[in-house]
Amino acid sequence: MLIPAKAEVARQLRRYRAWERAMLAAPSDRAVRATFEDSGYTLCVLMGKRCAREAAEAAERYLKVPDIGSPAGPRARLRARRRRDP
């Protein structure tokens, strides 16, 4: 399984949230809605989800987990995973 780069996930999540706000501000604007849906699709593909809302939530969770190469190391990542999984 491929793991997306955190920088790319963060960039796409920011893009998705920005277009979400724009779409909520102008729901009748077809161009804004289309771009919002495109950004959701990109996030879905990146995170391996079928729903944009699920993809955004998965991206937020993914960005909270420290990198293996970070000073916290793999133990912190394992602890974070254990907290999520019952």
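1. Glu60 is partly exposed, at 31% relative accessibility. In this predicted model, Glu60 forms a salt bridge with Arg17, with the closest N and O atoms 2.8 Å apart. The pair links distant parts of the chain: Glu60 sits in helix H3 (residues 52–64) and Arg17 in helix H1, 43 residues apart.

2. Arg17 has another partner. Its side chain also meets that of Glu20 in a salt bridge (3.0 Å, N to O). Glu20 and Arg17 are three residues apart in helix H1, so about one helical turn separates them. Glu20 is partly exposed at 23% relative accessibility, and Arg17 is partly exposed at 24%. Together, Arg17, Glu20 and Glu60 are linked in a network of salt bridges.

3. The count of salt bridges is three. One of them joins the side chains of Glu8 and Arg11, at 3.0 Å from N to O. Both residues lie in helix H1 (residues 6–25), three residues apart, about one turn of the helix. Glu8 is partly exposed, with a relative accessible area of 29%. Arg11 is partly exposed as well, at 44%.

4. The disulfide count is zero. Cys44 is in no disulfide, and the nearest cysteine sulfur, that of Cys51, is 6.5 Å away. That is too far for a bond, because a disulfide needs the two sulfur atoms within 2.5 Å. Cys44 is buried, at 9% relative accessibility, whereas Cys51 is partly exposed, at 30%.

5. A word on confidence. The protein averages a pLDDT of 86, and 76% of the residues score at least 70. Confidence is highest in helix H2 (residues 30–47), at a mean of 97, and lowest in helix H4 (residues 73–84), at 60.

Definitions and conventions. Residues numbered from 1 in each chain as written. Predicted model: local features only at pLDDT ≥ 70, side-chain atom pairs only at ≥ 80, totals over all residues. Heavy atoms only, no water. pLDDT = per-residue confidence, 0-100. Helix = DSSP H or I, 4+ residues; strand = E, 2+ residues; numbered from the N terminus. Buried < 20%, exposed > 50% of the residue type's maximum accessible area, 1.4 Å probe, protein only. Salt bridge = Lys/Arg side-chain N within 4 Å of Asp/Glu carboxyl O.
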